[in-house]
Amino acid sequence: MSHTSTEVKRRYNSKTYKRWSVDLRFEDFDRLEELRGELSRAAFLKKLLEQYTNETQAGS
């Protein structure tokens, strides 16, 4: 891949996405990985957000 293509992708990603990182204890990380199964981490996080939103709206 050329330097130009890489630079264009980097610029696009920086405009489109936010990066989020977290430090977890090994046992918490392992538990999350087990729960997410075959889902990607991004898809798993979206699913958690959706469930949380649904639960909080139902409780209102």
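With which residue does Glu7 form a salt bridge, and how far apart are the closest N and O atoms? The partner is Arg11, and the closest N and O atoms are 4.0 Å apart. The legends below describe close-up views of a predicted model.

View 1. Glu7 and Arg11 both belong to helix α1, which spans residues 3-16. Glu7 is partly exposed, with a relative accessible area of 25%. Arg11 is likewise partly exposed, with a relative accessibility of 42%. In total, the structure holds 4 salt bridges.

**View 2. Glu33 and its salt bridges with Arg36 and Arg41.** Glu33 forms a salt bridge with Arg36, in which the closest N and O atoms are 2.9 Å apart. Both residues lie in helix α2, and because they are 3 residues apart, about one helical turn separates them. The side chain of Glu33 also meets that of Arg41 in a salt bridge, at 3.1 Å from N to O. Glu33 is partly exposed, at 22% relative accessibility, whereas Arg41 is exposed, with a relative accessible area of 51%.

View 3. Arg36 is part of helix α2. Its relative accessible area is 17%, so Arg36 counts as buried, the cut-off for this class being under 20%. A polar atom of the Arg36 side chain lies 2.4 Å from the backbone oxygen of Leu39. The Arg36 side chain also takes part in the salt bridge with Glu33.

**View 4. A patch of negative charge on the surface.** Four residues, Glu27, Asp28, Asp30 and Glu34, gather in this patch. Glu34 lies in helix α2, which covers residues 26-36. With a relative accessible area of 69%, Glu34 is exposed.

**View 5. A nonpolar patch on the surface.** Trp20, Val22, Leu24, Phe29, Leu32, Leu35, Leu45, Leu48 and Leu49 form this patch. Together these residues have about 860 Å² of accessible area. Helices α2 and α3 (residues 41-58) each supply at least two residues of the patch. Leu24, by contrast, is found in the loop between α1 and α2. At 38% relative accessibility, Leu24 is partly exposed.

How values were computed
Residues numbered from 1 in each chain as written. Predicted model: local features only at pLDDT ≥ 70, side-chain atom pairs only at ≥ 80, totals over all residues. Heavy atoms only, no water. Patch = residues over 30% accessible without salt bridge, like charges linked within 9 Å, V, L, I, M, F, W, Y side chains within 5 Å. Areas by Shrake-Rupley, 256 points an atom, 1.4 Å probe, with all protein chains shown as cover. Lys, Arg positive; Asp, Glu negative; His and termini not counted. Charge placed at Lys NZ, Arg CZ, Asp CG, Glu CD. Helix = DSSP H or I, 4+ residues; strand = E, 2+ residues; numbered from the N terminus. Buried < 20%, exposed > 50% of the residue type's maximum accessible area, 1.4 Å probe, protein only. Polar contact = N/O pair within 3.5 Å; in protein donor to acceptor, adjacent residues only side chain to side chain.
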